[in-house]
Amino acid sequence: MDAKPQQNPEPLPSTLPPQGATSVPPPPAPMRTTLRRAAFGAVAGAVLVAGAVIAVPDDSGDGADRPQGPVARAEAAAAAGSPASLSDLTALIGDRQKWVETHPADAPSWAVLGSAYVEWGRRSADAAYFTRAEQALQRSLAAQPGERGNTAAWVGLGSLANARNDFLAAKKWGETVRTRQPKNWTAYPVLIDAYNGLGEYAAAARATEKFGALRKGAPGLARTSDMYRNQGWREDALATAQEAADRAATPAEKAASLHRLGELAAERGEPAEALAQYDAALRTDRGHLASLGGRARALAALGRTDEALADYRTVTTKLPRPEYVLELGELYESLDLDGDSRTQYAKLRDLLTRAGTSGVNESLTEARFEADHGDPEAAVELMRTEWQAQRRSSAVADTLAWSLHRAGRSEEGMQYAEKAVESGVRNASYAYHLGMIESSLGQDGPARGHLEEALRTNPDFSPLAAPSAQEALDALGEPAAGGPEFMQPPAPEPSTEPEPSPSPSRDSGADASPEPAQQPSRTPSQAPGELRSGQSAAPSPQARPSATPTP
């Protein structure tokens with residue numbers, strides 16, 4: 001029986017259905033859905049927040065008894081740990097909105113609604129839904145505190161914090177659930193995202209291993225692929241991502257898996273392969289707009305700029321993520337379309353302002369924009385604040401380094417650029433930034449190596465930065481012929497000693513003293529014990545580079 005509602009209940013969150021090209025009118029709740037709410041509520045609320053990389057179990061069956069309605073499909077996907085399609089997610093939101101209007105003390109339903117709002121906000125880039133999510137999750141906890149078993153709402157708050165890039169808060173919620181319920185697998189996706197956002201990669205790897213042990217099959221494979229990618233193990237990441245894609249059982253899950261394969265191909269500098277994966281994802285699920293953003297990026301790398309611009313314009317309208325708007329502005333700038341680029345940069349500033357109003361921390365994208373197109377000193381302050389707040393991911397280290405360089409403090413930025421490169425992520429931008437910083441400090445050899453690494457990793461990593469990397473590399477020129485002077489053995493000197501005369505014979509009666517043993521000659525520049533020209537020895541193993549001191 002439902003508990004009696006409070007005398008002065010808090011106002012309900014807005015019950016307007018999501019707006020946008022992919023929204024559908026929510027149908028009335030059928031009786032079977034009403035009866036199923038109590039069974040699905042607690043589980044669905046927890047697993048909806050796991051995000052698009054979570055997959056369904058392997059024993060999905062032949063589908064003969066799968067639920068047919070959109071609400072039932074969304075509930076089943078959530079209970080299995082699979083992403084729901086946007087249309088099914090919209091139907092679930094509408095269904096739970098109607099239910100809680102007449103059942104305001106149903107904590108599991110509030111948790112489901114709040115978690116569904118988080119997922120919708122992520123996949124539509126509409127931060128207003130994060131506010132609704134917070135209200136719904138707090139209503140769930142008011143009806144049933146987390147200490148009394150409502151961990152689904154705690155997991156929802158952790159996912160909400162990750163969506164807002166508040167990784168410290170997400171870590172707190174995830175660890176709270178893990179402490180109380182170590183075998184509750186829904187806490188681990190929250191922890192993995194939080195640890196990665198904070199740069200705590202060892203903790204993220206441990207959480208990934210634990211998650212894989214609790215969720216065998218496709219869910220663990222997807223997260224393990226991401227872990228391998230963060231460690232720079234590309235072949236392992238690709239093989240594991242492909243296996244996860246092979247086990248995908250729903251269109252939404254398949255699209256997410258194909259998108260991951262596209263991202264890996266793009267990072268390897270294979271835009272044609274990336275484009276094929278993104279196209280396959282969009283054929284599988286037309287609502288997977290992140291793949292449309294990836295497609296635009298791949299088309300730009302292939303030089304198909306008209307198609308890239310068309311896709312960017314579509315995705316920035318339907319999925320206005322700040323990073324897509326920045327990419328479109330830079331593509332316009334690379335084509336000398338300065339008016340169009342300024343329009344996008346103005347749009348970006350507006351998006352960043354609105355994100356801050358909704359509690360979303362977009363300082364990373366803002367700093368990247370300010371460093372190259374605005375005020376580098378402002379970028380430095382943004383990233384220093386992040387670093388001091390313990391958000392020390394490789395992305396933050398790289399952006400802080402580049403911001404310092406652009407502000408004229410390259411020597412200070414060097415240590416952060418080295419940290420980004422040494423994190424393990426094989427990102428062409430990281431190598432490019434380090435190479436440019438080294439070049440500005442007169443370190444031509446290391447600069448040449450890192451610029452070559454950037455272009456070797458991904459020759460078209462940015463429409464603006466990739467040509468800049470090539471120009472800087474050309475300006476450095478080729479290294480001196482034969483390598484550094486101290487690496488070469490000294491040239492043999494011509495002999496100037498006269499031919500020795502015959503030793504006097506004993507029979508001649510001349511005094512004959514014994515000839516001293518001849519010592520090997522040494523060139524003036526040769527240190528004692530150093531090999532002379534013509535001598536050889538096995539090369540000594542190189543010493544491992546020392547770790548960069550923690551800033």
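These are my notebook entries on a predicted model of one protein chain.

**Entry 1: the whole chain**

I began with the secondary structure. The chain has 24 helices and 0 strands. I then asked what share of the residues is buried. Of 551 residues, 47% count as buried. For the accessible surface I noted about 27,400 Å². Carbon and sulfur atoms hold 51% of that surface. Next I looked at contacts between residues at least 6 apart in sequence. Of these, 60% join residues at least 24 apart.

**Entry 2: helix 7 with helix 8**

I turned to one helix pair. Helix 7 covers residues 167–180, and helix 8 covers residues 187–198. How far apart are their axes, and at what angle do they pack? I wrote down 8 Å and about 145°. The crossing of helix 7 past helix 8 is left-handed. I then listed who makes the contact. From helix 7 come Phe-167, Leu-168, Ala-170, Lys-171, Gly-174, Glu-175, Val-177 and Arg-178. Helix 8 gives Ala-187, Tyr-188, Val-190, Leu-191, Asp-193, Ala-194, Tyr-195, Gly-197 and Leu-198. Sorted by class, this contact has 11 nonpolar, 2 polar and 4 charged residues.

**Entry 3: Asp-95**

I looked up Asp-95 in helix 3, which runs over residues 86–102. Is Asp-95 buried or exposed? Its relative accessible area is 0%, so Asp-95 is buried. I also checked its side chain for a polar partner. The side chains of Asp-95 and Arg-96 are joined by a polar contact of 3.5 Å.

Backbone angles came next. Most residues other than glycine have a negative phi. I noted two residues with a positive value.

Asp-336 has a phi near 65°, which is positive, and this residue is not glycine. I found Asp-336 in the loop between helix 16 (322–334) and helix 17 (338–357). Asp-336 counts as exposed because its relative accessibility is 64%, and the cut-off is over 50%.

Gln-390 has a phi near 70°, again a positive value in a residue other than glycine. Where does Gln-390 lie? I placed Gln-390 in the loop between helix 19 (376–388) and helix 20 (394–406). Its relative accessibility is 42%, so Gln-390 counts as partly exposed.

**Entry 4: Arg-286**

I moved on to another loop residue. Arg-286 sits between helix 13 (271–284) and helix 14 (289–301). Its relative accessible area is 77%, so Arg-286 is exposed.

**Entry 5: Ala-371**

My last stop was Ala-371 in helix 18, residues 363–373. Why does Ala-371 count as buried? The reason is its relative accessibility of 2%, because buried means under 20%. Which residues is Ala-371 in contact with, leaving aside its neighbours within four places in sequence? I listed Pro-376, Ala-379, Trp-402, Ser-403 and Arg-406. I also looked at Ala-407, which is 36 residues from Ala-371 along the chain. The C-alpha atoms of Ala-371 and Ala-407 are separated by 7.9 Å.

Terms used:
Residues are numbered from 1 along each chain as its sequence is written. This is a predicted model: local features need pLDDT of at least 70, side-chain atom pairs count only at pLDDT 80 or more; totals for chains, interfaces and linings use all residues. Side-chain values use heavy atoms; hydrogens and water are left out. Axes are lines fitted to C-alpha atoms, for helices over the stretch in contact, and angles run from 0 to 180 degrees between N-to-C directions. Helices (H or I, at least four residues) and strands (E, at least two) are DSSP runs, numbered from the N terminus. A crossing is left-handed if the near helix is turned anticlockwise from the far one by less than a right angle, and right-handed if clockwise. Contact means heavy atoms within 4.5 Å. Ala, Val, Leu, Ile, Met, Phe, Trp, Tyr, Cys and Pro count as nonpolar, Asp, Glu, Lys and Arg as charged, and the others, Gly among them, as polar. Buried means under 20% relative accessible area, exposed over 50%, partly exposed in between (1.4 Å probe, protein chains only). A polar contact is a pair of N or O atoms within 3.5 Å; within protein, one must be able to donate a hydrogen and the other to accept it, and residues adjacent in sequence count only if both atoms are side-chain atoms. Accessible areas come from the Shrake-Rupley method with a 1.4 Å probe; for residues, only the protein chains shown count as cover.
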